[in-house]
Amino acid sequence: MLPEVTRILYASDIQQGARPAFRTAVSLCGRYHSHITFLHVVEPVRGNAERLVKSMMHEDASLQALHDDSLGKIRQQVRDRVERFCREELEAETMLEQGQLDVRIEEGTPWKTILAVADEMDASVIVMGVRHQKSLLGNTSSKVMHNSKRPVLVVPL
C-alpha cells in the first residue's frame, strides 16, 4: 500500500523549462487533495566574499534591509510566476484552492536546505526537476535522493 501524500515539497530552481516538474507536483496534489510548498533556494555568497558581505550587513543596517527587500521581491516574483502558471496551464478542475500552496524562499546550500525544509514540514514526497543531458541526475537532485529519508520524485526536464 502506498503512503498517504498530504504534504508535497516542490523544489525549483525557477529556471526556464521547469514547468513539467511543477505540473507533476500539482497533479499529485490534485490526486491526493494535499498541500504543496513551492521552495526556491538562493545560494549564499561563498568564502571571503561571504564574510565581507556579512560583516558589512552587520555594520550597516541599510544593507541588511536591502538584502531582506531583495528576498521579498524574489518571493513575490515566484508567487506571480506560480499564479500565472496556474492561470495559463491548469484546467479549471485541477486549479489549486486557496491555502493549498505556500511559497518559500530560503538561503543556503540547495540540497541541504531542501532536506531541512522537507524535515521541518514533514513532507510526504519531494518533487524536483532535473535537466542534465550528460548524466542521469544533477548534483542537487542526486544529493537530495541519496540523503533523503522520504520519497523523491525526479522529473526530467
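At 34% relative accessibility, D13 is classed as partly exposed, a term that covers values between buried (under 20% relative accessible area) and exposed (over 50%), computed with a 1.4 Å probe on protein chains only. The structure is a predicted model, in which local features require a pLDDT of at least 70 and side-chain atom pairs count only at pLDDT 80 or more, whereas totals for chains, interfaces and linings use all residues. Residues are numbered from 1 along each chain as its sequence is written, and side-chain values rest on heavy atoms, with hydrogens and water left out.

Salt bridges were assigned where a side-chain nitrogen of Lys or Arg lies within 4 Å of a carboxyl oxygen of Asp or Glu, and by this rule 8 were counted. One of them joins D13 to R131, with the closest N and O atoms 3.0 Å apart. This pair connects distant parts of the chain, 118 residues apart, since D13 lies in the loop between β1 (7–11) and α1 (19–32) and R131 in the loop between β4 (125–130) and α5 (139–147); helices (H or I, at least four residues) and strands (E, at least two) are DSSP runs numbered from the N terminus. R131 is likewise partly exposed, at 28% relative accessibility.

A salt bridge also forms between E120 and R104, whose closest N and O atoms are 2.9 Å apart. Here helix α4 (residues 110–121), which holds E120, is linked to strand β3 (residues 101–107), which holds R104. E120 is exposed, with a relative accessible area of 57%.

The side chains of D119 and K149 meet at 3.7 Å, N to O, and both residues belong to a salt-bridge network that also includes R7, D122 and R150.
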